[in-house]
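Welcome, and thank you for bringing your viewer along. Please load the model, colour it by chain and get ready to select a few things in turn.

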Amino acid sequence: MENTLNSIIAAAAPLVIMTMGESITEKSGVVNLSLEGSLRLSAMTGFAVAFWAGHAFAGFVAAAVVGAAIAAIIAATSIRLRLNQIAVGFVLTLLAADLASFLGDSLVGERGPRVPPLPIPVLSDIPFVGKVLFDHDLVVYASFLAIAVTWWHFYRTRSGLNLQGVGERPEGAFARGIKVNTLRFWYTVLGGAMVGIAGAAYSLDIKLGWRETLTLNLGWIALAIVIFGGWHPLRVAFGAYLFGALQVMAFQLQDVFPGLAQVLPIAPFPLMILALVFVYSSWFRRIGDRLPRVRNLFGSEAPAALGTVFERE
Amino acid sequence: MRSAAPTLVALVAALAVGIVLLVLVGAPPFEALWLLVEGSFGSASKISATLLAWSPLLLASAGLVVTFAAGLWNIGVEGQIVIGAVAATWVARSLPGPGWVVILAAIVAGAVGGLLWALLAGVLKTHGGVHEIFGGLGLDFVAAGLVIYLVLGPWQRTGVASTSGTDIFREDAWMPTLEMLGTGWPVIPVLLGLASVVVVWLLLRGTRFGLRLKAVGRNPKSAALIGIPTNRYLLGAFAIGGALAGLAGTVQVTAFQHKLVPSVSGGYGFLGILVVLLAAFGAVWIAPIALFFVAISVGSTQLDLRLGLDSAFGGVLQGFIVLFVMVGGAWSARRASVERAARGEP
């Protein structure tokens, strides 16, 4: 049991970092649709740089730069040129994925450095909890930190309040003297860098090595999890762990039920759709009107200005 | 299309980036680029292969023009192609009778299959509150899972089940080709593809449905205010887009692969989105752009065979072209408006 929980938390770590990054981006009102491609290109770049430098850390830095650069293109073309974020994000999805396949072709099958395990002394000796939470490596601890800091920032800091203002009512934020587009640009870049780090985590920590199918569909799944989690860091993290559990289950069951192992990785998408339909249904809305607590727990509203361009006139 | 100059600059820039990347991986850049041309137009059989790949891309792109006109991001197009192919395969495998009956029935079944799959995404949007991007993606995944299930399960090929696909269809259920110049020409698929572009162009330009659909796409709220039943128009757009995508799937199985394979869509759905983005959502330029793109795709398979390069280079080139054209067009439009403002014009 504790071993299973340990592997679920480890397997979900990159997904947690990536979904926190995308939550930050979308909370500011920008959609970075390119995750599927960003993730693949940063996984490849991270592996390539770590392979040549001989050190995993260099790979993480390079991957973060790649993720941030792609995000910067989406933010800049949206803010400066008023291009549609979805359109640019979609083109970059395909472009980055193909770039990764093309440039990474010669690296397939190579073995690179990996992130060393780092059990936390004393804490990892606590029975059960120690094994589950504190017997991991830096990537996993970073994923814990990402959840805590994102949540703290959103709901407990002044700048987090400004971030939400920019994503919900940019005109109001602008009237209060907030530089809407500057904030959006940097939050998008930050979110993209986190996606890049997640990419490197797949090729240097979770699966080791580069191949085209390394992160297949995980970028799309991350986008779905952010919606499923209603842009709330704790619920988004819960979604990521739920998917981690499905992945670990699929892995453990693949000898017993090979069919099920094929289906489980696809399951989150239909589940997310059902969840969205459920929350939208008049039945749920009636319950929500009577019990606001239930509505707040399950309901999810996208940031009101998500995907729009803010232009002061 | 926007004005020609920025587009031309963007094309040259994309080509330059492509050359740099080829040098980076240690490939002879000009030989590689020549292979793209030679691999897609170098002989009668290669031209025929390019035209055969052009057809489903035309069909998918024409359908996407309709959904884009309604303001919809039909990312579910890949799944609609797949379900169209599944429906056509079902007919080709199970319907007895003369070949031409089977082929006609497969065409109808493919279109209906794609239509229904698209309506599912449509209903999720209009009545379930699920954005079409995510409903569509989810249905793409489900369709991909369904094909793998069919190929490994109920429709597995004789002998050992494998992801290489079902058994080959009986030969009179193949879409017939015109024998000429020593190769078979895919006349029916090309005609279907070109007809779809013309029909969509006429639909959006000259009919009440098309004009109102575009009104819905531009501003659904004001369209609803002047009495247009918005949801019905959105579902109509999904239905047309899905039917054409389903036809693309039919062409893939009955004219190209002659069996159902997991990669049946050929990626033509997503490539179609790039084509329509490059055509700036209009139907007029679809045919030449689709031909250009499909030539890159078909030609790039030669890079793998002849130079040992990854064939993803074709996608890299297509991606840079679309990105640069979009950015270049928006940038020059922006500059023009700034200049107008500086001269004090509105």
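Predicted model: local features only at pLDDT ≥ 70, side-chain atom pairs only at ≥ 80, totals over all residues.

What percentage of the 313 residues of chain A count as buried? The answer is 52%, where buried means that 20 or more other C-beta atoms, placed from the backbone, lie within 10 Å of a residue's own, exposed means 12 or fewer, and partly exposed is in between.

Residues are numbered from 1 along each chain as its sequence is written, and chains are lettered from A and ligands numbered from 1 in the order in which they are written.

**Stop 1: chain A as a whole.** Select chain A, which has 15 helices and zero strands; these are DSSP runs (helices H or I, at least four residues; strands E, at least two), numbered from the N terminus. Its C-alpha trace spans about 55 × 45 × 40 Å along the principal axes.

**Stop 2: a loop.** Now pick Arg111(A), in the loop between α4 (85-104) and α5 (129-134) of chain A. Arg111(A) is exposed, with 8 other C-beta atoms within 10 Å.

**Stop 3: helix α13 of chain A.** Select residues 268-280 of chain A, which form this helix of 13 residues. Highlight Pro268(A), Phe269(A), Met272(A), Ile273(A), Leu276(A) and Val279(A), which are buried. They cover an arc of only 135° around the axis, which puts them on the same side of α13(A); the arc is that of the directions from the helix axis to the C-beta atoms.

**Stop 4: where the chains meet.** Show both chains: 33 residues of chain B are in contact with 30 residues of chain A, contact meaning C-beta atoms, placed from the backbone, within 7 Å. On chain B, α5 (99-128), α6 (132-152), α11 (268-278) and α13 (313-342) each supply at least two residues of the side touching chain A. α13(B) gives the most, with 12 residues.

**Last stop: Val91(A).** Centre on Val91(A) and look for Leu274(B), Leu277(B), Gly319(B), Val322(B) and Leu323(B), which it touches, not counting residues up to four places away in sequence.

Key
Expected span 1.5 Å × (residues − 1). Contact = placed C-beta atoms within 7 Å.
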